Amino acid sequence: VHTPKIGDLEVIPNARVGVDSRGIITYVATGPLLTTIESEALNHDPSLQSISVVDITTSGFRKFFIPGFIDTHIHAPQFPNCGVFGNSTLFSWLTKYTYPVEMALEDPIKAKDVYNRVVQKTLSNGTTFCAYYATIHTTATNILADCAFKHGQRAYIGRSCMDCAKKEYTDQGLEDGIHSTKTVIEHIKSIDADYKLIKPILSPRNANKCSPEFMLWLAEQSREQGIPIQAHLSETEDEVEQILKMFPHCKTYTEIYDSHKLLTESSILGHCIFLSNEELKLINKRKSSISHCPTSNSCLTSGEARLRWIIDSGSKVGLGTDVSGGFSPSMLTTARHAVLVSRHVAMKTKSDHDKISVNESLYLATLGGAKVMGMEQELGSFEVGKKWECQLIDLDTKESPVDLFDFLNPSVEGLLAGDPSHISRFQDLIDKWVFNGDDRNVRRVYVNGRCVLDKD
Ligand code: GUN
Ligand code: FE
C-alpha cells in the first residue's frame with residue numbers, strides 16, 4: 001500500500017517485492033510465481049540467490065507494508081515534555097517548559113536516556129526518517145547522532161544554532177556557535193562518512209535567535225558542503241511582529257531568511273502559518289520546503305496553516321510532529337490532525353476543497369516528506385530503484401486498537417479481482433487505521449532494506 005501521487009492510494013494485493021543486498025527494490029511482481037521480470041532479477045543479482053522470504057499472504061488484507069513515516073520537524077530533547085504545555089502560547093511555552101528541558105540535556109547521561117527513548121519511540125511508531133532539532137550542546141547533539149545510528153533510524157541531526165538568545169541558554173557568541181556546529185558535522189562524518197543513514201542539518205532556530213552573521217555563515221556552509229537547512233517560519237502573529245521590528249529593511253519574515261541566503265532547495269521551513277501570497281511564492285521560487293505541524297499548531301494555539309493553499313501552489317510539503325509543541329511523537333496521530341485541522345479551515349472558509357483526505361495526509365507523511373528531505377528518488381513509495389524502507393502494519397493483533405468486523409472488510413479475492421466494492425472497503429480499513437491505529441499495529445520496521453525493529 002502506498003501513495004505514489006497525492007490523493008491516490010495504490011493497493012497491490014499479493015504483490016511480491018524483490019529487495020537486493022543493498023536494500024534496493026529490484027522488482028514488484030504480481031500474479032503467478034516467477035514472472036519474467038522476477039527470474040531476470042534473480043539471475044542478474046547473485047545476492048538474491050540467498051533469498052530470505054517474508055510472507056504475509058496468509059493474513060489476507062489485515063497485514064500490509066506501507067512506506068515508513070517521515071517526520072520533517074521534531075525536537076528530540078523536548079520528548080520528556082510531550083503532553084505538557086498547559087495553556088501556554090509559543091513565547092510562554094518556550095520559557096516555561098522548553099528551554100529548561102533543553103538546558104537539562106547538557107548532562108550527557110540525561111541526553112543518552114532521552115535520545116535513546118525518542119529514537120526507539122519514533123521507530124516503534126513507524127517513523128523511519130526524522131529531521132531532528134537537538135539542543136545547543138555539542139556532546140549531547142553528538143549523542144543523538146550516535147543513538148539514531150545505533151538503532152538504524154535515518155536522521156538529519158541539527159544542533160540548534162542560537163547565538164543571540166537569552167543568556168541562560170545561548171551559544172557564547174558567533175565564534176562559539178560556528179565552532180560547535182563544525183564539531184557536530186565532524187562527529188557525524190566520523191560515524192557515517194558518506195551520510196548513508198545520518199546527516200547533519202544546519203538549524204538556525206529562528207531569525208530572532210540567530211545573528212545575521214551566523215545565518216550567513218550557515219547558508220554558506222549549506223552551499224559549500226551540500227548540507228540541508230531547517231528553521232521555524234511564521235509560527236505565531238506575535239512572533240512575526242517581534243521579528244519584523246528587528247529587521248526594519250525586510251517586509252516579511254520569509255524575506256529575512258531570503259536576504260540571509262537561507263532559502264535553498266534543501267531548506268525545511270517549520271509551521272508557515274501566517275504567510276502572505278508573496279511569501280509562499282518566494283518559498284516556491286527558491287524550491288524550499290514546508291513542514292506542516294498541525295498537532296503543535298493546535299496545542300500552542302498558534303494558528304491553522306492553510307494546507308490546501310500550500311499544496312495547490314505546488315510547494316514541497318510534508319508533516320512534522322514538532323514534539324513537544326506537538327504532544328505526540330506519532331506521525332499517524334499527526335496525519336490524523338492534518339485531516340482534522342483542514343476541516344476547521346473548511347468550516348471557516350465554507351469550502352470543501354480545503355478538506356484534506358486521509359490518502360492525501362498519508363502522502364504527506366510518506367512521499368511528501370521524502371520530497372521535503374530531498375530524497376524522493378530513494379524513499380517514500382515502493383518503486384523499483386528506491387529503498388525498501390517501510391513498516392509492516394498488522395490490524396489484527398490481539399492488542400490492536402482497530403476493531404475489525406468481517407461484514408465490513410474486503411476479501412482478498414475481491415481485491416484481486418479489482419471489485420470496486422472491495423476496493424472501497426479496503427479504503428475504509430485504511431481510514432479506520434489512520435483514525436484508530438497506533439504503534440501496536442506496527443509489527444516491523446525496515447530502514448535501508450534492513451529490519452531494524454521486529455516486535456514478534
Ligand atoms: N520556535 C523556536 N523554537 C521553537 C521550538 O522549539 N518549537 C516550536 N514549535 N517553535 C519554536
Ligand atoms: Fe519546532
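Hi everyone, let's start with the ligand. By class, the residues around ligand 1 are one nonpolar, six polar and three charged. For the classes, Ala, Val, Leu, Ile, Met, Phe, Trp, Tyr, Cys and Pro count as nonpolar, Asp, Glu, Lys and Arg as charged, and the others, Gly among them, as polar.

A word on the model before we go on. It is predicted, so local features need pLDDT of at least 70 and side-chain atom pairs count only at pLDDT 80 or more, while totals for chains, interfaces and linings use all residues. Residues are numbered from 1 along each chain as its sequence is written, chains are lettered from A and ligands numbered from 1 in the order in which they are written.

Which residues surround ligand 1? They are His75, Leu94, Thr98, Arg205, Asn206, His232, Glu235, Ser296, Asp322 and Gly325. Near here means a C-beta atom, placed from the backbone, within 6 Å of the molecule.

Now the sheet. Four strands make an open sheet, ordered β12-β13-β14-β15, with parallel pairing. Strands pair if DSSP finds at least two bridges between them; strands (E, at least two residues) and helices (H or I, at least four) are DSSP runs numbered from the N terminus. At the edges sit β12 (229-233) and β15 (316-319), each pairing on one side only. From one strand to the next, the twist averages 25 degrees. Between β12 and β13 (residues 267-271) there are five bridges, and Gln230 stands opposite Ile268 in β13.

On to the helices. Helix α4 (residues 138-151) packs with α5 (residues 173-191) at about 25 degrees, their axes 9 Å apart. Axes are lines fitted to C-alpha atoms, for helices over the stretch in contact, and angles run from 0 to 180 degrees between N-to-C directions. The two are therefore roughly parallel, a term for angles under 35 degrees. On the α4 side, the contact includes Thr138, Ala145 and Phe149, and on the α5 side Val184 and Ile188 are among the residues; contact means C-beta atoms, placed from the backbone, within 7 Å. That contact divides into five nonpolar, six polar and one charged.

And what about the other partner of our list, α3 (residues 108-124)? Helix α3 packs with α4 at about 35 degrees, with the axes 9 Å apart. Among the contact residues are Tyr115 and Leu123 of α3 and Ile143 and Leu144 of α4.

Terms used:
Parallel < 35°, antiparallel > 145°, perpendicular 65-115°, else oblique. Contact = placed C-beta atoms within 7 Å.
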